[in-house]
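This report describes selected features of one protein model.

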Amino acid sequence: MLGFVVRRLRGRWPLAVAVLLTVLITATALTALTAFTRGVGQEGLRHALTGPERPRTTVLVTSGRAASSRAEDDRAVRAYSDEVFGRLPVTSESVARSRSYGLPGPAAGGRDADLTLLAALGREHVRLLAGDWPRPVAAPAGAPAQPLQAAVPRTALARLGLAGAALPAPVRLDDRFGGPPLTVLITGVYQAADPDSGYWRLDPLGGREIQVGSFTTYGPLMVDDTAFTAGGIQQNYRGTLLSPDLATVTTAEARGVRAAADPAGLALKRTASLQTATELPELLAQLDSALLVARSTLLVGALQLAVLSAAALLLVAHLMTVRQEPERVLLTARGASRRRLGVLSAAESLLLALPAAVLAPLLAPPLLRLLGRFGPLGRVHLEIPDTWLVWPVAAGCALACVLLTTLPSALRGASAAVLRRAGRRQALVTGAARSGLDLAVVVLAVLCYQQLSQYGGADAAGPGTGPAGGGLGVDPVLVAAPVLALCAGTLLVLRLLPFAARAGGRLAARGRSLAPALFGWQLARRPGRATGPVLLLVLAVSSGVLALGQHAAWTASQRDQAEFATAGGLRISGSSMSPMGQGGRYGALPGADRLIPVVRQEQPLPGGGTAALLALDAAKAGEGVPLRADLRGGHGMRELFAPLAPPPSAAPAAQAGAPAAPAAGPGVTLPGSPRRINLDVTVRSTGTSWAAVSLLLRDRFGVTHTTPRATLPTGGDGTLRFPLDALTDAPIGSAATPLALAGVHLSYAGDGGPAGDGAELTLRRLAVSDTPDGGAVPVAAPAAPAAPGAAATGGWQLAPPAQPRASGIPVLSPAAAGSTDLLRLRYWGGSGTEKGVQALLFPAPAAPPATPVPAVATTGYLRALGAATGDTVHITVDGVTVPLRITAAVEALPVAGRTALAVDLGTLGRLLLETAGQQPPAPTEWWLPAASAADPVPARAARALREGVRTERVQLSGEITCWTTR
């Protein structure tokens with residue numbers, strides 16, 4: 001039988017070769033795609049773990065035990081590392097640090113003493129800018145020895161009042177726990193080589209050199225590790241950083257690491273009292289989800305290729321069956337049974353498919369290596385793993401091809417009578433179209449598209465999380481929908497083919513050429529014969545267009561995600577500087593006129609979970625921050641954010657010759673770049689034990705800051721001094737000038753006696769100086785206020801509004817005729833004031849603040865609250881309940897995501913200050929959107945920040961896009 005089959009194929013070898021090549025190409029392509037899926041998934045995992053996310057792969061193990069326990073701790077850490085990472089190489093780095101010490105010199109007003117600490121940092125992670133490295137401790141503890149040597153960062157050098165040329169220099173540190181002072185010899189100045197490296201997780205300041213809170217911490221002071229082992233310095237803390245080398249990790253090993261990390265950490269805490277902190281399990285979970293998305297995308301391509309190959313095979317098999325029809329009739333006449341004919345057809349198909357099953361697994365690796373040298377794959381080191389799966393895949397492809405090539409013969413043999421009645425010109429696809437099968441495919445494709453649109457509308461939808469999946473996995477709807485749409489469009493084209501053929505025939509008949517007319521007449525008379533080639537052509541072109549569309553959509557998606565995460569340019573977050581110092585530092589960057597301060601807070605939701613509150617400059621956000629049109633419901637950004645911004649008439653008018661007043665509320669504009677503010681006061685004190693005053697200053701970005709308190713004199717005249725250098729973390733930071741006096745905060749307590757006639761405070765003069773100790777320039781009193789009734793109190797108001805005297809709340813006194821005093825205030829002690837009274841005064845605005853505050857919310861946030869556009873909702877900001885009126889709804893807000901709301905920072909700040917006496921919150925991040933895709937300003941600003949002292953995290957849209965598209 002084999003010889004007979006070979007002779008039959010040799011008689012029509014062109015068709016046999018076509019079938020052989022089709023089967024070989026199909027099997028090779030699908031086999032290579034299987035190997036590529038495994039290889040590219042594994043390489044993508046390694047690429048992600050060794051790229052910008054590498055600091056998240058580290059594990060920080062902390063110990064609070066003495067230096068004598070190091071050996072025991074190291075053994076426990078090694079056991080933990082072996083249990084979690086197995087064969088993977090792991091680098092272990094340890095840093096010991098001391099307890100906190102007080103720096104010499106006066107501390108910032110209103111704060112605890114400035115602090116520092118000693119740490120044994122590794123020299124390979126820092127750069128020496130001046131001086132020498134600290135030397136090891138040579139003498140044993142307790143013996144006469146030289147002072148402990150240390151190197152300091154630049155910010156600590158400036159804080160100590162030293163210069164690099166004057167080193168070495170001794171510095172005396174105070175022990176905050178009552179011990180003797182420690183004298184260290186400053187020998188050098190260092191800088192973190194890469195503050196974004198995971199190594200700086202060992203530093204409590206994160207390599208940022210300064211940390212501002214209720215107290216300011218500088219440093220750390222870098223010492224040799226022998227300071228803790230032989231120098232007598234108490235080891236208060238020791239951190240060990242485990243940095244695994246994941247360049248050779250496999251997907252199976254990654255799952256094992258993810259499963260072992262948390263149990264091993266709990267066991268380490270229980271047995272050795274060591275704490276572990278890592279983001280590795282969370283990162284691996286995110287990457288596992290990303291791998292599922294990648295597999296789904298590759299399965300879509302594989303399914304398209306399978307459909308195209310099946311169409312090609314059916315077309316060639318149909319042609320071969322038609323050519324073999326006379327032989328079939330002759331064999332039937334000579335007594336061949338239908339089963340015998342089927343076996344012959346199957347033997348022919350198997351003979352043609354067998355080479356593909358053998359050659360496809362052998363051809364796939366060299367083809368993939370060849371493709372890996374060109375295009376995007378040439379930029380990554382793609383290793384194709386040796387997997388046994390390619391052989392079953394190749395065998396399955398060959399078997400499927402056997403079935404497809406045998407199918408036409410089997411159908412023709414089983415339904416010969418039917419086919420004779422229908423006519424040989426009727427093709428199988430045409431019959432399917434007449435039966436309505438193509439319309440069923442169209443309906444199915446539409447249903448899949450609707451299902452996918454529901455996935456896109458969900459807050460956290462993704463592959464495998466939709467209804468079809470029921471859990472994390474490859475969603476068949478997501479994979480099949482593009483292929484169904486492709487098949488539906490192709491079948492609709494075939495349904496329209498007869499009409500197009502008749503129209504083409506009539507058009508060709510009008511011409512003078514004979515050949516086009518005959519071709520059009522033949523096509524119109526027998527359109528069924530063109531069904532197969534047209535089907536194959538439409539599928540091939542559609543698959544190519546769909547592949548190009550997928551590539552373009554993926555590239556656009558990466559760009560959109562980068563712009564969404566960085567507000568379309570540069571995002572600055574996590575700064576360790578004081579909020580007031582951030583304004584001047586970032587305000588000096590290129591493109592500072594576009595800089596947007598952003599307050600980001602979490603808001604609890606009724607059903608659990610949190611939403612993000614964004615308070616930002618709504619006018620600038622509407623002008624520059626990009627948001628995809630489908631996420632904002634087709635509305636323009638200006639249209640969305642214009643109702644949030646205060647009207648231009650609400651801004652205070654500047655005096656002639658004075659600098660432009662800061663936005664977001666009324667105030668007394670301060671000239672120049674103040675470094676100190678003097679406030680001349682007159683006090684008449686009765687019934688109070690103490691009283692203090694602090695100032696609220698608003699910078700040019702509309703952000704309000706509070707100075708440390710200055711104590712009022714017990715009576716008579718006095719001058720209160722408010723230095724700003726400590727408030728701005730000078731010289732690194734500075735104020736974003738021009739500044740404005742936005743309010744005066746008074747705090748006092750009664751002495752326990754009767755209130756009596758009360759006390760009186762008069763603010764006589766306000767002056768500013770651009771030096772810490774130089775002369776001050778008086779500031780002119782503000783013009784007559786436009787607010788009704790404010791002139792009687794000197795243009796000032798109390799927040800909350802003044803209440804009766806019995807409540808102990810201060811009351812503004814009328815200004816004397818012709819007086820140049822800023823304000824006059826009376827306040828009382830008496831019963832109930834012993835624990836303290838707080839009062840806030842502010843310049844009277846021309847109009848009250850907007851109530852409720854207009855806001856833009858996402859649909860996810862509104863669903864969680866059961867609210868809609870136009871409703872009023874209430875949130876809590878720093879303990880104050882704030883009503884919000886929803887002016888518009890969007891799908892998502894930049895950076896914040898799909899469950900968030902946005903308000904104008906100035907409007908919210910005025911409401912908090914003027915109605916609740918609450919200082920507005922300080923910015924947590926800053927946005928610098930790009931003016932266009934080619935705008936170099938955000939990149940220049942990022943470069944300027946990285947070249948200076950690193951106190952913040954910098955995210956640049958272009959860098960994220962470049963990394964994700966590599």
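This is a predicted model: local features need pLDDT of at least 70, side-chain atom pairs count only at pLDDT 80 or more; totals for chains, interfaces and linings use all residues.

**Overall composition**

The protein has 966 residues, of which 46% are buried. It contains 24 helices and 36 strands. Among contacts with a separation of 6 or more, 78% are between residues 24 or more positions apart.

| Residue | Relative accessible area | Class |
|---|---|---|
| D904 | 4% | buried |
| P643 | 42% | partly exposed |

D904 is located in strand β34, residues 900-904. Not counting residues up to four places away in sequence, D904 touches L616, D617, A618, L644, A645 and P646. One of these, A645, is 259 residues from D904 in sequence, yet their C-alpha atoms are 5.8 Å apart in space. The D904 side chain also reaches the backbone nitrogen of T907, at 2.9 Å.

P643 occupies the loop between α19 (637-641) and β18 (668-670). When neighbours within four places in sequence are left aside, P643 is in contact with R638, P854 and T887. A separation of 10.0 Å is found between the C-alpha atoms of P643 and V853, which are 210 residues apart along the chain.

**Strand β1**

Why is strand β1 described as largely enclosed by the rest of the structure? The reason is that five of its five residues, 59-63, are buried. The burial applies to both faces: V59, V61 and S63 point one way from β1, L60 and T62 point the other way, and all are buried.

Strand β1 also has pairing partners. It is joined by four bridges to strand β14 (residues 275-278), and the two run antiparallel; within this pairing V59 stands opposite T278. Five bridges, likewise in the antiparallel sense, pair β1 with strand β13 (residues 237-244), where R238 is the bridge partner of S63.

An open sheet with mixed pairing is built from nine strands in the order β32-β33-β31-β34-β17-β16-β35-β15-β36. Its edges are β32 (872-877) and β36; each has a single partner strand, so one side of each is left without a neighbour in the sheet. From one strand to the next, the twist averages 30°. Within the sheet, strand β16 (residues 596-604) and β35 run antiparallel and are joined by three bridges. P597 stands opposite W926 of β35. Helix α23 packs on this sheet, where it touches β15, β35 and β36, and its direction makes about 155° with that of β36.

Which residues of helix α23 (residues 937-947) are buried? They are V937, P938, A941, A942 and L945. These residues cover an arc of only 135° around the axis, which puts them on the same side of α23. The buried residues of α23 pack against β15 (569-573), α17 (579-587), β35 (925-929) and β36 (953-956).

**Nonpolar cores**

The largest nonpolar core has 40 residues, and the members that touch the most other members are L570, Y861, I875, V882, L884 and V903. For V882, the residues touched, not counting those up to four places away in sequence, are V853, V873, H874, I875, V877, L908, L911 and L912. There is also a second, separate core of 39 residues, which includes V668, L712, A759 and L766.

Terms used: Residues are numbered from 1 along each chain as its sequence is written. Side-chain values use heavy atoms; hydrogens and water are left out. Buried means under 20% relative accessible area, exposed over 50%, partly exposed in between (1.4 Å probe, protein chains only). Contact means heavy atoms within 4.5 Å. A polar contact is a pair of N or O atoms within 3.5 Å; within protein, one must be able to donate a hydrogen and the other to accept it, and residues adjacent in sequence count only if both atoms are side-chain atoms. The arc is that of the directions from the helix axis to the C-beta atoms. A nonpolar core is a set of buried Ala, Val, Leu, Ile, Met, Phe, Trp, Tyr and Cys residues joined through side-chain atoms within 4.5 Å. Two strands pair if DSSP finds at least two bridges between them. Axes are lines fitted to C-alpha atoms, for helices over the stretch in contact, and angles run from 0 to 180 degrees between N-to-C directions.
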